[in-house]
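Hi,

Here is the structure I promised to pass on.

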Amino acid sequence: MAAMTSSSPLSWSGFAAAEPVFADTVRRRFQLYKHHVLATVRADGSPRATGLEADFRFGELLLGMMPDSRKALDLRRDPRFALHANPGPDAEMGDGDVRVSGRAVEVTDPEFLARVIEDADPPQPFHLFRTELTEAVRIGLDGDFLVIESWRPGQPLRTVRRK
């Protein structure tokens with residue numbers, strides 16, 4: 001696929017439009033398990049890693065959180081995040097190791113929130129963030145090779161194979 005002209009963060013649907021096959025692979029990997037690991041930046045600049053359920057809905061990768069949770073407060077202050085897909089119950093990881101990173105933007109639009117409530121019936125109240133991606137990475141094995149696929153807005157999918 002041709003390189004995009006913008007290097008700004010992209011919504012999930014923007015990522016899917018830029019790299020449909022890779023975005024589908026990443027989404028399917030996240031959907032294998034319900035819980036994943038979210039990294040945020042604490043007020044003192046140190047990292048915070050915490051569990052999270054990620055949801056793909058309405059063309060967005062959404063992050064829902066309990067009201068006033070530390071991770072929600074982190075993202076309100078500093079929107080940078082990384083989300084690592086649950087690696088599963090063993091060391092095989094046949095579908096690879098996947099992570100995305102970027103900015104999390106709090107959703108405050110009442111109409112969008114109402115759509116989410118109607119469609120997903122989340123526990124309320126809650127904070128909801130939509131993601132703007134700056135990177136998606138999948139690391140997997142192909143025989144004796146480690147295969148690293150990475151994407152950034154405005155750049156084509158990059159694949160590196162290491163023996």
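Let's start with a charged pair: Glu132 and Arg103 meet through their side chains in a salt bridge, 3.5 Å from N to O. By salt bridge I mean a side-chain nitrogen of Lys or Arg within 4 Å of a carboxyl oxygen of Asp or Glu. This pair links distant parts of the chain, since Glu132 sits in strand 6 and Arg103 in strand 5, 29 residues apart. Helices (H or I, at least four residues) and strands (E, at least two) are DSSP runs, numbered from the N terminus.

Before going on, two notes on where this comes from. The model is predicted, so local features need pLDDT of at least 70 and side-chain atom pairs count only at pLDDT 80 or more, while totals for chains, interfaces and linings use all residues. Residues are numbered from 1 along each chain as its sequence is written, and side-chain values use heavy atoms, with hydrogens and water left out.

**More on the charges**

Is Glu132 buried or exposed? Glu132 is buried, with a relative accessible area of 17%, whereas Arg103 is partly exposed at 36%. The cut-offs are these: buried is under 20% relative accessible area, exposed is over 50%, and partly exposed is in between (1.4 Å probe, protein chains only).

Glu132 also has a salt bridge with Arg130, where the closest N and O atoms are 3.2 Å apart. Arg130 is partly exposed, with a relative accessible area of 26%. Elsewhere, salt bridges that share partners join Asp24, Arg27 and Arg28 into one network. The structure holds 14 salt bridges.

Now try Glu60, which is found in strand 3. Glu60 is buried yet has no salt bridge, and the nearest side chain of opposite charge, Arg130, is 4.7 Å away. (For charge, Lys and Arg count as positive and Asp and Glu as negative; His and the chain ends are not counted.) Leaving out residues up to four places away in sequence, Glu60 touches Ser11, Trp12, Asp55, Phe112, Arg130 and Thr131. Touching, or contact, means heavy atoms within 4.5 Å.

**Helix 3**

Which residues of helix 3 are buried? They are Lys71, Ala72, Asp74 and Leu75. Seen down the axis of helix 3, the buried residues fall within an arc of 160°, so they line one face of the helix. That arc is taken from the directions from the helix axis to the C-beta atoms. The cover over these buried residues includes strand 1 (35–41), strand 2, strand 3, strand 4, strand 5 and strand 6.

Asp74 makes a salt bridge with Arg77, with the closest N and O atoms 3.3 Å apart. Because Asp74 and Arg77 are three residues apart in helix 3, about one helical turn separates them. Asp74 counts as buried at 2% relative accessibility, but Arg77 counts as partly exposed at 42%.

Helix 2 has twelve residues and reaches 16 Å from its first C-alpha to its last, close to the 16 Å expected at 1.5 Å a residue. The expected span is 1.5 Å times one less than the number of residues. Phe22, Ala23, Val26, Arg29 and Phe30 are the buried residues of helix 2. They cover an arc of only 125° around the axis, which puts them on the same side of helix 2.

Next, the largest nonpolar core: of its 26 residues, Phe15, Leu83 and Val100 touch the most other members. Helix 2 gives the most to this core, with four residues. A nonpolar core is a set of buried Ala, Val, Leu, Ile, Met, Phe, Trp, Tyr and Cys residues joined through side-chain atoms within 4.5 Å. Leaving aside neighbours within four places in sequence, Phe15 is in contact with Leu10, Phe22, Ala23, Val26, Leu133, Ala136 and Trp151.

**One last residue**

Finally, find Phe81 in strand 4. At 4% relative accessibility, Phe81 counts as buried. Phe81 and Val41 are 40 residues apart in sequence, and their C-alpha atoms are 7.4 Å apart in space. Beyond the residues up to four places away in sequence, Phe81 touches a list of residues including Leu38, Ala39, Leu75, Val100, Arg103, Glu132 and Leu133.

Cheers
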